[in-house]
Amino acid sequence: MATLLLTVVGTVFGGPIGGAIGAIAGQAIDGQLLKGPNREGPRLSDLSVQTSSYGSQIPKIFGTMRVAGTVIWSTDLIESRSSRSNGKGQPGANDYSYAASFAVLLSARRVARVGRIWADGNLLRGAEGDFKVMTSFRLHQGDEGQAADPLIAAAEGAMAPAHRGMAYVVFENLPLGEFGNRIPSLTFEVIADEAPVAIGTIAEVLGEGLVAGAGIGEALPGFSTFGDSARGVLNSLAEMGGAWFAPVGGTLALRVDATPDRVIDDAGAGADRPGIRRARKLAAIETVPQTITLAHYDPARDYQIGLQRARRPGAGYRSTRIEAAAAIEAGAAKALAATALLRAEAAREQRQVALGWETLDLAPGAVVTITGESGAWRVAGWSLEAMVLTLDLVRLGGVVGSAAASSGRVLASPDVAAGATLIHVFELPPVDGTARTMPRVHVAAAGTAPGWRRAALLYSLDDGAQWVSAGSTALPATIGWLVTTPRATGSALRDVASSFEVELAHEAMALADADDVALDRGGNLALVGDELMQFARAEPLGGTRWRLSGLWRGRFGTEAAAGAQAVGARFVLIEAEALAAIDVPSSAMNHAIAVMAAGIGDSDGPVRADGVVRGVSVAPPPPVHVRFGDAGVLRWVRRSRMGWAWIDGRDVPLGEEAEAYLIDFADGSRAEVAAPEFTLAIGAPAPVALRQRGTHAVSAPTRIL
């Protein structure tokens, strides 16, 4: 910056010539201030580690960059406890989880928004702004008038800082279970400017009025001013873009182009006088790096470090590495490396030119061409003796506009949207053969997009007056709705005539075929409305629609629901790992139950589903094979909720404390018997329904025609 000061001083005391001399003297001083060998600019590793130390540097972010930031405020760990039951007669268990609230400072310059966020290298927030865990998140953009964050203000009181002019984010109750119960190492995709920013524009902002260059030079998709000094950052920008600084008026101007300021002759001022020397030299090719490597952040690699090299043929072995704390596409980085190599080759050629005093305004940094010679030259040095001006010139190289390059193989974190939560609430007969003592309600849940994983569950038995925690959902279930319905039929034979179509929740869900062996082992069991059935063939129809056929109907005693389905009825593929269970007291039977689920994609609030606890999970199945025998004897065959498979040719176990049946008659009367037969008296009313009485509930009725 001495050039600016000495230019002004020289102009005041010596007019234009004094100003030019002052500019040259100042340029010599700035040559020491802005020289490059001991560069203190940013290193690529500076932006990858999150810090929380006092005195940590906060960079200014331009364009779009991935930065770690600095933790500036945090609460203690927030502990939560939940209790769960391990079944009747078994001790319960308490589960503990932890969360934290904290703030991370990102930029000493205003930003537009924050895109993706990574936690310990895994995606925490997607490109669409969807979080992969449940948390509250706020961005303070860095306006000069921004207020303190309400959470920080509530914790710290009136002295809470607003961090005006600095962009920071606040996480509220971030779950820490996935990160070893600690605040994870976070990196943020910070969008400070929606478009790439020119090198000169960045230099002008850093110069704070002492550097001019808006719109000049390579446009960088992103840049961070992390470094030990403004000098180091400016040097880094100049080295990256093949630029240099020149005094222009009252500022230092960043220059990258070879447009000449003047055409000069190489005859020398006072050439007829002795002592005027003109020199020209060409350095050996070995002085030029054979390879120049540009290290940069590659947006195509989720801003991981990329390397692009430019190599020249011929002798030499030197290699130079340029570290650019900038987000640059692979092709642009390759072009910058190639341009740096061209400039290094051209700079081998240097010469001295003697001119008259009238050209004193040609300060270092100016660009000239020489009459009769090709190419442009940069004024690198200046001396005045006996009113003869001697310029040290360095030839300028060309510019590589574009280059083909590859970012290499990219192993990016998957960014899959979670979508809103979808749930179905229902009771199932004990398909696993377990005789339950308490009614069990199942919850099958999924999302409208493949990224959905789990949701927190609450249930209520008093229409929402009180809610009880039920933990979380199980693994995502394969769920959907009926588009067409199966016909009514019995359960004794395979249904080869029926088929129906279902619409699944999203395109990532799929169904598969099953052969007879798989079906016999319980495969492809689905709840369709209130009927459990199995299907042998699943035909994709495109998108999320499937046609199911080869049906085994009315499984596990649900034959009464066959054919009762309507369009829009639920479809749930029954898989044990995809069903969450809620055990409710026996007093809840024949009462409504409401289940509420809240997942990370439920921006409109929790999702609610209602059902009725009918006791299907604790009731025996209805009797079958009802027939009239001789002498008015009504007989039937019982079934058991503990034995769905015919294992050894004998009757299945009773599964209840006692065997008992209820017979309903047409006149409203009822009889109870302890064996699977009943003798009708002459003139007695006709029986219309038969039920088996279980220990905890009565079965659904078997209609007697």
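Predicted model: local features only at pLDDT ≥ 70, side-chain atom pairs only at ≥ 80, totals over all residues.
Me: Changing topic, what is the strand order in the open sheet of eight strands?

Reply: The order is β6-β5-β9-β1-β13-β20-β18-β19, and the pairing in this open sheet is mixed. The edge strands, each pairing on one side only, are β6 (122-125) and β19 (304-311), while the twist from one strand to the next averages 40 degrees.

Me: And which helix packs on that sheet?

Reply: Helix α4 packs on the sheet, where it touches β13 and β20, and the direction of α4 makes about 110 degrees with that of β20.

Me: Do tell me about β1 and β13 too: how many bridges join them, and do they run parallel or antiparallel?

Reply: Strand β1 (residues 61-67) is joined to β13 by three bridges, and the two run antiparallel; within this pairing, Ile 61 stands opposite Ser 224 in β13.

Me: Back to α4, how many residues has it, and what does it reach from first C-alpha to last?

Reply: Helix α4 covers residues 230-241, which is twelve residues, and it reaches 17 Å from its first C-alpha to its last, close to the 16 Å expected at 1.5 Å a residue.

Me: Is α4 mostly covered or mostly open, and which residues are buried?

Reply: Helix α4 is mostly covered, with nine of its twelve residues buried, among them Gly 232, Val 233, Leu 234 and Met 240. The buried residues of α4 pack against several elements, including α3 (199-207), β14 (244-248) and α5 (330-346).

Me: What comes just after α4?

Reply: Just after α4 comes Gly 242, which takes a positive phi of about 65 degrees.

Me: New topic, why does Gly 142 count as buried?

Reply: Gly 142 counts as buried because its relative accessibility is 5%, and the cut-off for buried is under 20%. Gly 142 sits in the loop between β7 (136-140) and α2 (150-156), and, leaving aside neighbours within four places in sequence, it is in contact with Arg 110, Gly 165, Met 166 and Ala 167. Although Gly 142 and Ala 167 are 25 residues apart along the chain, their C-alpha atoms are separated by 4.0 Å.

Me: What about Ala 580, buried or exposed?

Reply: Ala 580, which lies in strand β35 (residues 579-583), is buried, with a relative accessible area of 8%. Beyond its neighbours within four places in sequence, Ala 580 has contacts that include Val 441, His 442, Leu 457 and Thr 473.

Me: And how far apart are Ala 580 and Ala 444?

Reply: In sequence they are 136 residues apart, whereas in space Ala 580 and Ala 444 are 6.6 Å apart, C-alpha to C-alpha. Across the protein, residues 24 or more positions apart account for 66% of the contacts with a separation of 6 or more.

Methods. Residues numbered from 1 in each chain as written. Heavy atoms only, no water. Helix = DSSP H or I, 4+ residues; strand = E, 2+ residues; numbered from the N terminus. Expected span 1.5 Å × (residues − 1). Buried < 20%, exposed > 50% of the residue type's maximum accessible area, 1.4 Å probe, protein only. Contact = heavy atoms within 4.5 Å. Pairing = 2+ DSSP bridges. Axes fitted to C-alpha atoms, helices over the stretch in contact; angles between N-to-C directions.
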